[in-house]
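Please examine the sequence and the structure shown below. A short exchange of questions and answers then follows.

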Amino acid sequence: MTHDIFLFLTTFLASGVEAVEALTIVLAVGVVRGWRSTLIGVGVAALVLAVIVAVLGPALRLIPIETLRLVVGALLLVFGLQWLRKAILRSSGYKALHDESAAFAAEREQAASASPAAPKGMDWYSFTIAFKGVLLEGLEVVFIVITFGATQGRLPLAAAAAVAAVVVVVAVGLVVRGPLERVPENTIKFAVGLLLTSFGIFWGGEGAGVEWPGSDLAILGILAFLSLVSALLVWQLRRQRVATLPVGAGA
Amino acid sequence: MSHIRAFGAFWWNFIVGDDWRVAVGVAAGLGLSAFLSHRNIAAWWVLPVTVALVLVVSLRRATRGAG
């Protein structure tokens with residue numbers, strides 16, 4: 001049960017963040033250059049992602065569970081630590097916060113300056129940008145869905161969480177007709193980084209033969225420990241950054 | 001050839017990211033966990049401690065000289 005809740009939450013949040021980024025690209029290109037080619041690009045990318053899940057999901061079931069947990073745990077750990085590392089750097093002020101409205105403006109400007117499409121033909125610029133944006137952001141979602149789903153034998157639950165997140169983000173995007181700048185993206189990325197890394201430690205450890213005290217409940221302990229370490233690192237880096245600022249710069 | 005290189009670079013960046021030391025630290029932590037576990041020595045503490053150390057080292061490198 002604990003696993004299922006964390007699995008759904010992690011996949012939903014990670015998919016939501018990636019969906020916001022993909023939506024920003026698609027909205028910017030669609031608004032400036034038209035929707036037909038942009039939506040074809042989105043559709044083809046979604047098809048490619050569905051094929052990857054359909055092929056890789058069942059294939060992973062053929063691998064012994066201990067081996068799968070070791071490999072998936074290692075991948076999740078490396079992947080989760082990337083998110084967590086960046087989130088700590090952003091929270092402490094060492095890295096700029098991701099700004100969806102700035103990303104939207106930049107993408108829009110680039111789309112407007114590209115060569116115009118033939119009036120009734122395919123606009124390959126819109127197609128390519130939308131395809132690439134959805135495919136690249138979607139790959140991260142697919143990676144999480146497949147690793148979580150296959151390791152727990154809960155691929156449908158992981159896929160449902162990802163689909164729910166995409167539906168929510170697209171629905172909100174259609175209502176506001178603009179970038180979702182109010183989504184606390186950096187906070188969500190912090191949470192996802194903590195969850196991915198915690199699961200990576202737990203499964204990687206199980207795959208390596210570790211017996212966790214408290215069995216499944218150890219995930220909560222790992223999550224609490226990582227949250228504490230991360231909070232301390234943010235606090236320490238903030239102090240370090242303030243100390244290195246020129247006198248008067250923080251005023 | 002450049003396509004193969006670009007493909008490799010994409011996956012390297014996708015999985016390993018900005019700091020390859022993180023991946024090396026994770027591999028070392030998993031290796032030590034397996035080593036201890038197969039000798040019936042409690043190893044549950046290895047990965048959490050490794051991850052904390054990896055974060056500290058990687059962040060220290062990333063923020064060195066930055067303001």
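This is a predicted model: local features need pLDDT of at least 70, side-chain atom pairs count only at pLDDT 80 or more; totals for chains, interfaces and linings use all residues.

Residues are numbered from 1 along each chain as its sequence is written, while chains are lettered from A and ligands numbered from 1 in the order in which they are written.

Reader: Which element gives the largest share of the side of chain B that touches chain A?
Author: Contact here requires C-beta atoms, placed from the backbone, within 7 Å. Chain B contributes 26 residues and chain A 31 residues. The elements of chain B giving two or more residues to this side are α2 (20–37) and α3 (46–63), helices being DSSP runs of H or I of at least four residues, numbered from the N terminus. The largest share, eleven residues, comes from α3(B).

Reader: How far apart are the end C-alpha atoms of α2(B)?
Author: The expected span is 1.5 Å times one less than the number of residues. For the 18 residues of α2(B) this should give 26 Å, and the distance between the end C-alpha atoms agrees, at 26 Å.

Reader: Within what arc do the buried residues of α2(B) fall?
Author: Buried means 20 or more other C-beta atoms within 10 Å of the residue's own, exposed 12 or fewer, and partly exposed in between, with C-beta atoms placed from the backbone. The buried residues of α2(B) include B:Val22, B:Val26 and B:Leu30. They line one face of the helix, because the directions from the helix axis to their C-beta atoms fall within an arc of 165°.

Key: Two residues are in contact if their C-beta atoms, placed from the backbone, lie within 7 Å.
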